Amino acid sequence: MAAPSSTTTRLLLRGAFRAFPQPHNLITIPTNISISGPRRSLLFAPPFRRSAIGICQFVQATKEDVHTLLKGVGDKNVAEEVKHILEMARRASSRRQVLHTDFLTPPVLKEAILVIEKMVDVKEVAQGGYPQAERHRMSVGHPDVLTGEPDIVAALSITGNFQFQPCSHGDFLGSVLGTGIVREKLGDIILQGQRGAQILLVPELVDFVMSSLDKVGNVSVSCSKIPLLALEYEPPRTNSFRAIEASLRVDALASAGFKISRSKLVDLISNGDVRVNWTTVTKNNTTLKTGDIVSVSGKGRLKIGEINSTRKGKFAVELIRYL
């Protein structure tokens with residue numbers, strides 16, 4: 001039987017190729033190309049199309065999974081941070097790496113742990129430097145790789161003569177951030193009274209802070225690196241009392257907790273000086289619940305305790321003031 005001519009071969013292959021549905025982004029075959037030789041690569045077009053669709057479906061499924069995992073996270077800012085941690089965790093697991101976050105606030109840490117616990121082949125380890133730490137860094141990776149606690153938290157001792165010029169948590173925080181580092185690189189600050197304070201931070205910034213920080217307020221200070229076991233901490237001192245309020249709004253409960261006028265509290269909210277669970281609030285009518293932490297710049301922190309309704313339709317709220 002005689003071999004088919006090149007013209008006949010071209011017509012047969014072109015007909016077979018057109019039998020497959022062609023997406024818009026598939027490369028078309030010019031009619032002036034000769035295929036008399038063994039150019040079998042043209043016949044891989046339909047399988048390539050199916051592969052491309054498979055990738056798109058995988059990406060779509062990944063997006064849907066992320067949406068499902070984040071469904072229970074109410075705060076949008078927290079959800080956005082948890083989303084980044086989720087993406088980091090997946091990347092670390094697939095590449096058999098261990099990746100680390102910066103210091104996370106308690107709400108972000110809590111939600112991130114809940115989300116990662118639902119994931120397959122991902123392990124997390126959170127470290128704040130000491131048992132009562134509020135801000136933690138998180139390490140994520142595949143369980144076969146993340147087998148211990150990475151060395152990702154360092155401690156510095158800031159010492160000076162604070163006997164006659166005592167400095168607050170905000171004073172130390174402002175001075176450290178004044179060196180140029182961002183808040184996320186800094187963990188807890190443990191006040192040491194007249195001696196100064198101890199701070200937790202990322203290890204890569206230890207030398208920078210030691211060489212850059214020379215004053216807190218008007219007090220000259222010196223910095224030295226210390227092991228985590230040398231940290232001196234005590235349970236926080238608190239003062240608990242009850243208040244009867246007509247509503248659970250932040251302006252009502254915070255003004256009662258910090259013993260300032262409601263109008264003054266409203267001004268502080270307008271200035272961005274009030275935070276609930278480490279997130280700045282902008283609305284006076286933000287509703288609080290048991291467990292919420294209210295922070296007011298220059299005033300300290302307040303925790304919302306047990307809430308009960310009174311016979312007159314008001315609320316008896318336990319307010320826990322951190323001293």
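1. In which helix is the place of Leu 173? Leu 173 sits in helix H5, where helices (H or I, at least four residues) and strands (E, at least two) are DSSP runs, numbered from the N terminus. With a relative accessible area of 18%, Leu 173 is buried, a term that stands for under 20% relative accessible area, with exposed meaning over 50% and partly exposed in between (1.4 Å probe, protein chains only). Not counting residues up to four places away in sequence, Leu 173 touches Arg 183, Leu 186 and Ile 189, contact being defined as heavy atoms within 4.5 Å. Leu 173 and Asp 188 are 15 residues apart in sequence, and their C-alpha atoms are 9.4 Å apart in space.

2. Some points of basis should be kept in mind. The model is predicted, so that local features need pLDDT of at least 70 and side-chain atom pairs count only at pLDDT 80 or more, while totals for chains, interfaces and linings use all residues. Residues are numbered from 1 along each chain as its sequence is written, and side-chain values use heavy atoms, with hydrogens and water left out.

3. As to the overall make-up, the protein chain has eight helices and 15 strands, and buried residues make up 37% of its 323 residues. Of the contacts in the protein chain with a separation of 6 or more, 59% are accounted for by residues 24 or more positions apart.

4. The largest nonpolar core has 33 residues, of which Ile 158, Phe 172, Ile 199, Leu 200 and Leu 201 touch the most other members; such a core is a set of buried Ala, Val, Leu, Ile, Met, Phe, Trp, Tyr and Cys residues joined through side-chain atoms within 4.5 Å. At least two residues of this core come from each of strand E4 (154-159), H5, E5, strand E6 (196-201), helix H6 (206-212) and strand E9 (222-226). Apart from this core lies another, of 22 residues, among them Phe 241, Leu 268, Val 294 and Leu 319. Leaving aside neighbours within four places in sequence, Leu 201 is in contact with residues including Phe 103, Ile 152, Leu 156, Leu 186, Val 206 and Val 209.

5. Nine of its nine residues are buried, so H7 is largely enclosed by the rest of the structure. The buried residues of H7 pack against strand E10 (238-245), helix H8 (262-270), strand E11 (274-276), strand E13 (293-296), strand E14 (300-309) and strand E15 (315-322). Just after H7, Lys 259 takes a positive phi of about 55°.

6. The largest pocket has a volume of about 1,800 Å³. On a 1 Å grid over the protein atoms alone, a pocket is an open set of points where a 1.4 Å probe fits, with protein on both sides within 12 Å along at least five of seven lines, and lining residues have an atom within 4 Å of a point. The volume is the space filled by probe spheres set on the points, which are joined across faces, edges and corners. Of the 49 residues that line the largest pocket, Glu 134, His 169, Asp 188, Ile 189 and Arg 301 lie nearest its centre. The largest share of the lining, six residues, comes from H3.

7. Two aromatic pairs are counted, under the rule that rings of Phe, Tyr and Trp (its six-membered ring) pair if their centres lie within 6.5 Å, with planes under 30 degrees apart counted as stacked, over 60 as edge-to-face and the rest as tilted. Tyr 130 and Tyr 233 form a tilted pair, 4.9 Å centre to centre and with 40° between the planes. This pair links distant parts of the chain, 103 residues apart, with Tyr 130 in the loop between strand E2 (123-127) and strand E3 (136-141) and Tyr 233 in the loop between E9 and E10. Tyr 130 is buried at a relative accessible area of 13%, whereas Tyr 233 is partly exposed at 33%. Phe 162 and Phe 172 also form a tilted pair, at 5.3 Å and 45°, and both are buried.

8. Tyr 322 lies in strand E15, and its C-alpha atom is separated by 7.8 Å from that of Lys 303, 19 residues apart along the chain.
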